[in-house]
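I opened this notebook to keep track of what I looked up, one entry at a time. Come along and follow each entry on the structure itself.

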Amino acid sequence: MSKLCKKCDRQLSVTKFHKDKTNKDGLNRWCNNCKRESRFKNCEIPEVYLKRRWVNFLKYTRRERVITYEELLDLFRQHCKENVIQGKHKYACAYTGDTMTFFQGRGQVLSNLSVDRIDNDQPYTKENIAFCSMDFNNKKGQLTLDIIKKILTFFKKKGINYEME
């Protein structure tokens, strides 16, 4: 049995289509390859990627948020403008300066954009958000500002120079 893909106009085996209960035949209108290519292409657009992250955030977390998606998007655009003014890549991580990516559906991509709470003890607010790579955000993990201060105090006692040059 076969079906016509509405995207690439190829007649393909029904095994090349995902299930979709909303269609009469029970299959998606686009073949698996077209669907995948579209998802990867669209999610490399930062605004689309950020929107999907926001939707997933609302769906899977119970953390308090005192910010709307529109405010988050405005903050991201401001972050990008400031990076360009400072001579950095438009999509540079706030902490490391590394260029962030926007891949969706490829597992955890460590260079992807992540929204960090600067102070993990506080909710997501305009003042408590930094745009960084997923890698850095994972490493920062559960560190609080208090823990970071204790680490820096320890370094100082040991004579380790951590000052910015």
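**Entry 1: aromatic rings**

I began with Tyr49 and Phe102, and both of them are buried (buried means under 20% relative accessible area, exposed over 50%, and partly exposed in between, with a 1.4 Å probe and protein chains only). Before going further I noted that this is a predicted model, where local features need pLDDT of at least 70, side-chain atom pairs count only at pLDDT 80 or more, and totals for chains, interfaces and linings use all residues. I also noted that residues are numbered from 1 along each chain as its sequence is written, and that side-chain values use heavy atoms, with hydrogens and water left out.

How many aromatic pairs does the count come to? I found eight aromatic pairs, where rings of Phe, Tyr and Trp (its six-membered ring) pair if their centres lie within 6.5 Å; planes under 30 degrees apart are stacked, over 60 edge-to-face, and the rest tilted. Tyr49 and Phe102 have ring centres 5.9 Å apart and planes at 70 degrees, so this pair is edge-to-face. Tyr49 belongs to helix 2 (residues 46–60) and Phe102 to the loop between helix 3 (69–85) and strand 3 (113–117), so the pair ties together parts 53 residues apart in sequence. For these names, helices (H or I, at least four residues) and strands (E, at least two) are DSSP runs numbered from the N terminus.

Next I looked up Phe76 and Phe131: their ring centres are 5.3 Å apart and their planes at 70 degrees, so they are edge-to-face as well. Phe76 sits in helix 3 and Phe131 in strand 4 (residues 129–133), so the pair ties together parts 55 residues apart in sequence. Phe76 is buried at 1% relative accessible area, and Phe131 is buried at 3%. I then saw that ring pairs link Tyr49, Phe76, Tyr91, Phe102 and Phe131 into a cluster.

**Entry 2: charges over rings**

Which ring does the charged end of Lys51 sit over? I found it over the ring of Tyr69, 4.4 Å from the ring centre (the rule asks for NZ of Lys or CZ of Arg within 6 Å of the ring centre and within 35 degrees of the ring normal). Lys7 has its charged end over the ring of Trp30, 5.2 Å from the centre.

**Entry 3: salt bridges**

I counted five salt bridges, each a side-chain nitrogen of Lys or Arg within 4 Å of a carboxyl oxygen of Asp or Glu. One of them joins Lys3 and Asp25, with the closest N and O atoms 2.4 Å apart. Lys3 is in strand 1 (residues 2–4) and Asp25 in the loop between strand 2 (11–13) and helix 1 (32–43), so the pair ties together parts 22 residues apart in sequence. Is Lys3 buried or exposed? Lys3 counts as buried at 13% relative accessibility, whereas Asp25 is partly exposed at 43%.

Glu71 and Lys126 also meet in a salt bridge, 3.6 Å from N to O. Glu71 is in helix 3 and Lys126 in the loop between strand 3 and strand 4, so the pair ties together parts 55 residues apart in sequence. Glu71 is partly exposed at 26%, and Lys126 is partly exposed at 42%.

Lys139 is exposed at 62%, and Asp135 is partly exposed at 26%.
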